[in-house]
Amino acid sequence: MRNTKLKLFVDADVLVTPHFSGIGHYTLELLRALDQLLENRNDVTVELGVWFKDVRKLRSYGFRNFKIRRSLIPLRASNWLKNHNLQMPYDLLFGKRVYLFPNYSSWPTWFSKSITVIYDLSFEYFPQYVEPHNQAFLSSQVKKSAARSAKIITISSNSQEEIHEFYGTSLKDIPIIYPGIDQSELFRWPEEAIEQVKVLYGITGKYILFVGNIEPRKNLRGLLLAYERLSKKIRNEYSLLLVGARGWLDNEILEIIERLRNDGNHIQQPNNYVKDADRAALFSGASLFVYPSLYEGFGIPPVEAMACGVPTITSNNSSLPEAVGDAAVTVDANSVKDLTKAITTVLNDPKLQRDMIQKGFTQADKFSWNTEAKKLLSILLEVGK
(Lines give C-alpha, C1' and ligand atoms only; values in the text may rest on other atoms or scores of the structure.)
Protein backbone atom coordinates (compact mmCIF):
# COMPACT_ATOMS: atom_id res chain seq x y z
CA MET A 1 0.00 0.00 0.00
CA ARG A 2 1.47 3.36 -1.07
CA ASN A 3 2.10 5.86 1.69
CA THR A 4 0.13 9.10 1.72
CA LYS A 5 2.12 12.01 0.34
CA LEU A 6 2.25 14.78 2.95
CA LYS A 7 3.14 18.39 2.30
CA LEU A 8 3.59 20.32 5.54
CA PHE A 9 4.14 24.03 6.10
CA VAL A 10 5.24 25.17 9.57
CA ASP A 11 4.89 28.78 10.69
CA ALA A 12 8.38 29.04 12.18
CA ASP A 13 8.28 32.56 13.63
CA VAL A 14 8.73 31.18 17.17
CA LEU A 15 12.19 29.91 16.17
CA VAL A 16 13.53 33.33 15.18
CA THR A 17 11.89 35.69 17.67
CA PRO A 18 14.38 37.75 19.74
CA HIS A 19 12.80 36.52 22.99
CA PHE A 20 13.17 32.76 22.66
CA SER A 21 10.56 31.23 24.96
CA GLY A 22 9.43 27.85 26.19
CA ILE A 23 7.23 27.65 23.10
CA GLY A 24 10.32 28.20 20.98
CA HIS A 25 12.17 25.40 22.81
CA TYR A 26 9.22 23.02 22.43
CA THR A 27 8.87 23.74 18.71
CA LEU A 28 12.60 23.52 18.03
CA GLU A 29 13.15 20.21 19.81
CA LEU A 30 10.04 18.64 18.28
CA LEU A 31 11.13 19.73 14.79
CA ARG A 32 14.68 18.47 15.38
CA ALA A 33 13.29 15.05 16.27
CA LEU A 34 10.93 15.13 13.27
CA ASP A 35 13.86 16.08 11.04
CA GLN A 36 15.66 12.90 12.14
CA LEU A 37 12.58 10.77 11.49
CA LEU A 38 12.44 12.02 7.89
CA GLU A 39 16.08 11.14 7.15
CA ASN A 40 15.18 8.12 5.00
CA ARG A 41 11.66 9.05 3.89
CA ASN A 42 10.62 10.61 0.62
CA ASP A 43 6.86 10.70 1.20
CA VAL A 44 6.89 13.80 3.43
CA THR A 45 8.03 17.30 2.54
CA VAL A 46 8.33 19.99 5.20
CA GLU A 47 8.69 23.71 4.65
CA LEU A 48 9.44 26.24 7.38
CA GLY A 49 8.13 29.74 6.77
CA VAL A 50 9.72 32.89 8.19
CA TRP A 51 10.09 36.52 7.26
CA PHE A 52 12.81 36.78 4.61
CA LYS A 53 15.14 38.70 6.95
CA ASP A 54 15.10 35.79 9.44
CA VAL A 55 16.14 33.08 6.98
CA ARG A 56 19.79 33.12 8.10
CA LYS A 57 18.84 32.57 11.74
CA LEU A 58 16.54 29.69 10.80
CA ARG A 59 19.29 28.08 8.75
CA SER A 60 21.59 28.19 11.77
CA TYR A 61 19.60 25.34 13.35
CA GLY A 62 20.96 22.99 10.69
CA PHE A 63 17.79 21.14 9.70
CA ARG A 64 18.66 18.54 7.06
CA ASN A 65 15.28 17.56 5.65
CA PHE A 66 13.29 20.80 5.73
CA LYS A 67 13.06 23.54 3.13
CA ILE A 68 12.78 27.22 4.02
CA ARG A 69 10.10 29.46 2.52
CA ARG A 70 10.50 33.22 2.66
CA SER A 71 7.57 35.33 3.79
CA LEU A 72 7.04 39.05 3.28
CA ILE A 73 5.07 39.29 6.54
CA PRO A 74 7.05 39.91 9.76
CA LEU A 75 5.62 38.73 13.08
CA ARG A 76 4.49 42.19 14.19
CA ALA A 77 2.60 42.71 10.92
CA SER A 78 1.10 39.23 11.20
CA ASN A 79 -0.27 40.00 14.67
CA TRP A 80 -1.61 43.36 13.46
CA LEU A 81 -3.47 41.65 10.62
CA LYS A 82 -4.89 39.09 13.05
CA ASN A 83 -6.07 41.81 15.44
CA HIS A 84 -7.86 43.64 12.63
CA ASN A 85 -9.32 40.51 10.96
CA LEU A 86 -7.44 41.31 7.76
CA GLN A 87 -5.68 37.98 7.23
CA MET A 88 -5.78 36.52 3.78
CA PRO A 89 -6.04 32.71 3.46
CA TYR A 90 -2.54 31.41 4.06
CA ASP A 91 -2.73 28.81 1.31
CA LEU A 92 -3.14 31.59 -1.28
CA LEU A 93 0.44 32.49 -0.37
CA PHE A 94 2.01 29.04 0.01
CA GLY A 95 -0.29 26.58 -1.75
CA LYS A 96 -2.36 23.58 -0.73
CA ARG A 97 -0.80 21.58 2.11
CA VAL A 98 -1.21 20.91 5.85
CA TYR A 99 -0.37 23.99 7.93
CA LEU A 100 1.08 23.74 11.44
CA PHE A 101 0.83 26.82 13.67
CA PRO A 102 2.89 26.18 16.85
CA ASN A 103 2.05 29.33 18.82
CA TYR A 104 -1.65 29.45 19.80
CA SER A 105 -2.97 31.47 16.83
CA SER A 106 -3.34 30.57 13.17
CA TRP A 107 -4.16 32.01 9.79
CA PRO A 108 -7.29 30.97 7.88
CA THR A 109 -7.01 28.64 4.89
CA TRP A 110 -9.39 28.14 1.98
CA PHE A 111 -8.54 24.71 0.60
CA SER A 112 -6.08 23.31 3.15
CA LYS A 113 -6.25 21.81 6.63
CA SER A 114 -4.50 23.36 9.60
CA ILE A 115 -3.27 22.24 13.02
CA THR A 116 -2.74 24.67 15.90
CA VAL A 117 -0.74 24.05 19.07
CA ILE A 118 -2.57 25.43 22.13
CA TYR A 119 -0.45 24.82 25.20
CA ASP A 120 -2.89 25.84 27.91
CA LEU A 121 -5.74 28.24 28.64
CA SER A 122 -4.13 30.21 31.44
CA PHE A 123 -5.13 33.41 29.65
CA GLU A 124 -8.79 32.41 30.13
CA TYR A 125 -8.70 30.72 33.54
CA PHE A 126 -6.14 33.05 35.14
CA PRO A 127 -6.26 36.31 33.14
CA GLN A 128 -4.83 38.22 36.11
CA TYR A 129 -1.46 36.55 35.46
CA VAL A 130 -1.26 37.64 31.81
CA GLU A 131 -0.33 41.05 30.44
CA PRO A 132 -3.69 42.66 29.44
CA HIS A 133 -2.82 43.32 25.78
CA ASN A 134 -1.55 39.75 25.34
CA GLN A 135 -4.58 38.34 27.17
CA ALA A 136 -7.00 40.18 24.88
CA PHE A 137 -5.08 39.02 21.79
CA LEU A 138 -5.06 35.38 22.89
CA SER A 139 -8.69 35.34 24.02
CA SER A 140 -9.77 36.63 20.62
CA GLN A 141 -7.42 34.70 18.36
CA VAL A 142 -7.27 31.28 20.00
CA LYS A 143 -11.04 30.89 19.80
CA LYS A 144 -10.87 31.48 16.04
CA SER A 145 -7.90 29.16 15.67
CA ALA A 146 -9.65 26.38 17.56
CA ALA A 147 -12.71 26.67 15.34
CA ARG A 148 -10.80 26.38 12.05
CA SER A 149 -8.24 23.72 13.04
CA ALA A 150 -8.57 20.12 11.93
CA LYS A 151 -6.67 19.14 15.06
CA ILE A 152 -5.53 21.03 18.15
CA ILE A 153 -2.29 19.74 19.61
CA THR A 154 -1.78 20.31 23.31
CA ILE A 155 0.77 19.23 25.93
CA SER A 156 -1.13 17.58 28.80
CA SER A 157 -4.37 15.83 29.71
CA ASN A 158 -5.28 18.82 31.86
CA SER A 159 -4.97 21.21 28.91
CA GLN A 160 -6.79 18.75 26.67
CA GLU A 161 -9.76 18.72 29.04
CA GLU A 162 -9.77 22.52 29.38
CA ILE A 163 -9.74 23.02 25.59
CA HIS A 164 -12.55 20.48 25.22
CA GLU A 165 -14.68 22.23 27.84
CA PHE A 166 -13.96 25.81 26.76
CA TYR A 167 -14.20 25.48 22.97
CA GLY A 168 -16.33 22.35 22.62
CA THR A 169 -13.71 20.59 20.51
CA SER A 170 -13.99 16.81 20.51
CA LEU A 171 -11.38 15.10 22.68
CA LYS A 172 -10.34 12.91 19.73
CA ASP A 173 -9.36 16.08 17.86
CA ILE A 174 -7.10 17.28 20.71
CA PRO A 175 -4.09 14.92 20.66
CA ILE A 176 -1.40 15.31 23.31
CA ILE A 177 2.24 15.78 22.31
CA TYR A 178 4.19 16.01 25.55
CA PRO A 179 7.32 18.13 25.94
CA GLY A 180 10.39 15.95 25.98
CA ILE A 181 13.78 16.30 27.54
CA ASP A 182 17.17 15.74 25.95
CA GLN A 183 18.99 13.41 28.29
CA SER A 184 22.21 13.91 26.37
CA GLU A 185 22.19 17.36 28.00
CA LEU A 186 20.02 16.87 31.09
CA PHE A 187 21.73 14.39 33.38
CA ARG A 188 23.50 14.34 36.75
CA TRP A 189 26.70 16.36 36.31
CA PRO A 190 29.92 15.51 38.21
CA GLU A 191 30.75 17.67 41.23
CA GLU A 192 33.79 19.31 39.63
CA ALA A 193 31.75 20.52 36.64
CA ILE A 194 28.97 21.76 38.94
CA GLU A 195 31.44 23.82 40.95
CA GLN A 196 32.89 25.38 37.80
CA VAL A 197 29.45 26.54 36.65
CA LYS A 198 28.60 27.82 40.13
CA VAL A 199 31.75 29.96 40.09
CA LEU A 200 30.83 31.23 36.62
CA TYR A 201 27.51 32.59 37.91
CA GLY A 202 28.65 33.66 41.37
CA ILE A 203 26.70 30.95 43.23
CA THR A 204 27.97 29.64 46.56
CA GLY A 205 27.16 26.82 48.97
CA LYS A 206 24.20 24.48 49.12
CA TYR A 207 20.93 25.71 47.63
CA ILE A 208 17.23 25.10 47.10
CA LEU A 209 16.54 25.84 43.43
CA PHE A 210 13.70 27.49 41.53
CA VAL A 211 13.81 27.88 37.72
CA GLY A 212 11.21 30.00 35.93
CA ASN A 213 10.14 33.54 35.15
CA ILE A 214 9.87 35.97 38.05
CA GLU A 215 6.09 36.44 37.88
CA PRO A 216 2.98 35.84 40.04
CA ARG A 217 1.76 32.66 38.28
CA LYS A 218 4.93 30.86 39.32
CA ASN A 219 4.03 31.56 42.98
CA LEU A 220 7.42 32.90 43.94
CA ARG A 221 5.71 34.90 46.64
CA GLY A 222 4.61 31.64 48.26
CA LEU A 223 8.06 30.10 47.87
CA LEU A 224 9.81 33.11 49.41
CA LEU A 225 7.43 33.19 52.37
CA ALA A 226 7.83 29.42 52.84
CA TYR A 227 11.62 29.80 52.82
CA GLU A 228 11.33 32.56 55.43
CA ARG A 229 9.42 30.15 57.69
CA LEU A 230 12.10 27.46 57.55
CA SER A 231 14.16 26.90 60.66
CA LYS A 232 17.24 29.07 61.04
CA LYS A 233 19.36 25.93 60.86
CA ILE A 234 18.01 25.03 57.40
CA ARG A 235 18.25 28.62 56.12
CA ASN A 236 21.84 28.85 57.30
CA GLU A 237 22.70 25.62 55.50
CA TYR A 238 20.70 26.18 52.29
CA SER A 239 20.24 29.38 50.32
CA LEU A 240 17.32 29.89 47.94
CA LEU A 241 18.55 30.20 44.34
CA LEU A 242 16.18 31.86 41.86
CA VAL A 243 17.02 31.34 38.18
CA GLY A 244 14.80 33.18 35.72
CA ALA A 245 14.13 36.39 33.86
CA ARG A 246 11.90 39.17 35.14
CA GLY A 247 8.30 38.73 34.06
CA TRP A 248 4.88 40.30 34.39
CA LEU A 249 3.89 42.02 37.69
CA ASP A 250 7.10 41.20 39.52
CA ASN A 251 7.29 44.26 41.83
CA GLU A 252 5.86 42.55 44.93
CA ILE A 253 8.18 39.57 44.43
CA LEU A 254 11.22 41.82 44.15
CA GLU A 255 10.18 43.69 47.29
CA ILE A 256 9.91 40.42 49.25
CA ILE A 257 13.36 39.34 48.01
CA GLU A 258 14.83 42.64 49.20
CA ARG A 259 13.10 42.38 52.60
CA LEU A 260 14.32 38.82 53.16
CA ARG A 261 17.86 39.77 52.25
CA ASN A 262 17.75 42.71 54.63
CA ASP A 263 16.61 40.28 57.34
CA GLY A 264 19.71 38.14 56.77
CA ASN A 265 18.24 35.46 54.50
CA HIS A 266 20.50 34.16 51.75
CA ILE A 267 18.57 34.62 48.48
CA GLN A 268 20.84 34.04 45.50
CA GLN A 269 20.39 34.96 41.84
CA PRO A 270 22.93 34.31 39.05
CA ASN A 271 25.15 37.26 38.21
CA ASN A 272 24.41 36.79 34.51
CA TYR A 273 21.91 35.20 32.10
CA VAL A 274 22.15 31.41 32.46
CA LYS A 275 23.00 29.74 29.16
CA ASP A 276 21.01 26.65 28.21
CA ALA A 277 24.22 24.60 28.26
CA ASP A 278 24.72 25.45 31.96
CA ARG A 279 21.21 24.77 33.25
CA ALA A 280 21.82 21.06 33.85
CA ALA A 281 24.80 21.87 36.07
CA LEU A 282 22.71 24.22 38.20
CA PHE A 283 19.96 21.59 38.44
CA SER A 284 22.54 18.95 39.40
CA GLY A 285 24.03 21.17 42.10
CA ALA A 286 20.70 21.70 43.87
CA SER A 287 19.88 19.90 47.10
CA LEU A 288 16.18 20.35 46.33
CA PHE A 289 14.13 21.74 43.43
CA VAL A 290 10.88 23.57 44.30
CA TYR A 291 8.32 24.62 41.68
CA PRO A 292 5.14 25.81 43.45
CA SER A 293 3.36 27.21 40.36
CA LEU A 294 -0.32 28.16 40.54
CA TYR A 295 -0.98 26.83 37.02
CA GLU A 296 0.98 25.10 34.24
CA GLY A 297 0.12 23.77 30.82
CA PHE A 298 2.66 21.05 31.55
CA GLY A 299 5.57 22.21 33.70
CA ILE A 300 8.81 20.88 32.25
CA PRO A 301 11.31 22.24 34.86
CA PRO A 302 10.35 19.61 37.50
CA VAL A 303 10.96 16.84 34.94
CA GLU A 304 14.30 18.43 34.00
CA ALA A 305 15.27 18.56 37.67
CA MET A 306 14.39 14.89 38.13
CA ALA A 307 16.46 13.96 35.06
CA CYS A 308 19.41 15.60 36.85
CA GLY A 309 18.87 13.56 40.01
CA VAL A 310 17.30 16.24 42.21
CA PRO A 311 14.47 15.63 44.73
CA THR A 312 11.54 17.75 43.61
CA ILE A 313 8.55 19.48 45.22
CA THR A 314 5.80 20.94 43.08
CA SER A 315 2.12 21.91 43.19
CA ASN A 316 -0.83 19.53 43.09
CA ASN A 317 -2.75 21.65 40.54
CA SER A 318 -3.31 21.76 36.76
CA SER A 319 -0.97 19.44 34.83
CA LEU A 320 1.84 19.20 37.38
CA PRO A 321 0.79 15.87 38.98
CA GLU A 322 0.69 14.41 35.46
CA ALA A 323 4.21 15.68 34.76
CA VAL A 324 5.84 14.35 37.94
CA GLY A 325 3.81 11.19 38.62
CA ASP A 326 4.67 9.68 42.01
CA ALA A 327 8.29 10.87 41.85
CA ALA A 328 7.78 14.27 43.49
CA VAL A 329 6.15 15.62 46.64
CA THR A 330 3.11 17.69 45.65
CA VAL A 331 1.53 20.37 47.84
CA ASP A 332 -1.26 22.93 47.84
CA ALA A 333 0.33 25.92 46.14
CA ASN A 334 -1.85 28.28 48.16
CA SER A 335 -0.57 27.00 51.51
CA VAL A 336 2.73 28.50 52.64
CA LYS A 337 2.56 26.25 55.70
CA ASP A 338 2.31 23.08 53.59
CA LEU A 339 5.18 24.19 51.37
CA THR A 340 7.40 24.94 54.37
CA LYS A 341 6.58 21.55 55.86
CA ALA A 342 7.34 19.71 52.61
CA ILE A 343 10.72 21.44 52.18
CA THR A 344 11.65 20.65 55.79
CA THR A 345 10.57 17.01 55.49
CA VAL A 346 12.56 16.32 52.31
CA LEU A 347 15.74 18.10 53.43
CA ASN A 348 15.73 16.23 56.76
CA ASP A 349 15.18 12.75 55.30
CA PRO A 350 18.12 11.35 53.23
CA LYS A 351 16.27 8.05 52.61
CA LEU A 352 13.28 9.92 51.17
CA GLN A 353 15.65 11.93 48.99
CA ARG A 354 17.25 8.77 47.58
CA ASP A 355 13.84 7.26 46.85
CA MET A 356 12.64 10.44 45.12
CA ILE A 357 15.81 10.59 43.01
CA GLN A 358 15.38 7.03 41.73
CA LYS A 359 11.68 7.53 40.98
CA GLY A 360 12.57 10.83 39.31
CA PHE A 361 14.94 9.16 36.87
CA THR A 362 12.18 6.69 35.93
CA GLN A 363 9.61 9.47 35.47
CA ALA A 364 11.95 11.60 33.35
CA ASP A 365 12.58 8.64 31.03
CA LYS A 366 8.93 8.82 29.93
CA PHE A 367 9.41 12.12 28.10
CA SER A 368 11.34 11.64 24.86
CA TRP A 369 11.36 14.04 21.90
CA ASN A 370 11.77 11.09 19.55
CA THR A 371 8.64 9.40 20.91
CA GLU A 372 6.62 12.61 20.71
CA ALA A 373 7.85 13.37 17.16
CA LYS A 374 6.57 9.96 16.06
CA LYS A 375 3.16 10.90 17.47
CA LEU A 376 3.33 14.22 15.63
CA LEU A 377 4.17 12.54 12.32
CA SER A 378 1.24 10.15 12.75
CA ILE A 379 -1.13 13.09 13.36
CA LEU A 380 0.21 14.98 10.35
CA LEU A 381 -0.21 11.98 8.07
CA GLU A 382 -3.77 11.47 9.31
CA VAL A 383 -4.72 15.11 8.68
CA GLY A 384 -2.98 15.08 5.30
CA LYS A 385 -4.95 12.14 3.89
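F101 has T116 as its bridge partner in strand 5. That pair belongs to a predicted model. Strand 4 (residues 98-101) and strand 5 (residues 114-117) run parallel and are joined by three bridges.

An open sheet of six strands has the order 3-2-1-4-5-6, and its pairing is parallel. Strand 3 and strand 6 are the edge strands, and each pairs on one side only. On average, neighbouring strands of this sheet are turned by 25 degrees against each other, direction ignored. Strands of a sheet pair through backbone hydrogen bonds.

Now to helix 1. Helix 1 lies across strands 1, 2, 3, 5 and 6. Its direction makes an angle of about 135 degrees with strand 3.

Helix 1 also meets helix 17. Their axes come within 8 Å and cross at roughly 75 degrees. Helix 1 is therefore roughly perpendicular to helix 17. The table shows the residues that meet.

| Helix | Residue range | Residues in the contact |
|---|---|---|
| Helix 1 | residues 22-37 | Y26, E29, L30, A33, L34, L37 |
| Helix 17 | residues 369-383 | W369, N370, E372, A373, K374, L376, L377, L380 |

By class, this contact has ten nonpolar, three charged and one polar residue.

Which residues have the most contacts inside the largest nonpolar core? They are I208 and I343, and the core has 118 residues. A second, separate core has eight residues, among them I73, Y90, F94 and Y99.

Notes. Residues are numbered from 1 along each chain as its sequence is written. This is a predicted model: local features need pLDDT of at least 70, side-chain atom pairs count only at pLDDT 80 or more; totals for chains, interfaces and linings use all residues. Side-chain values use heavy atoms; hydrogens and water are left out. A nonpolar core is a set of buried Ala, Val, Leu, Ile, Met, Phe, Trp, Tyr and Cys residues joined through side-chain atoms within 4.5 Å. Buried means under 20% relative accessible area, exposed over 50%, partly exposed in between (1.4 Å probe, protein chains only). Axes are lines fitted to C-alpha atoms, for helices over the stretch in contact, and angles run from 0 to 180 degrees between N-to-C directions. Helices (H or I, at least four residues) and strands (E, at least two) are DSSP runs, numbered from the N terminus. Angles under 35 degrees count as roughly parallel, over 145 as roughly antiparallel, 65 to 115 as roughly perpendicular and the rest as oblique. Contact means heavy atoms within 4.5 Å. Ala, Val, Leu, Ile, Met, Phe, Trp, Tyr, Cys and Pro count as nonpolar, Asp, Glu, Lys and Arg as charged, and the others, Gly among them, as polar. Two strands pair if DSSP finds at least two bridges between them.
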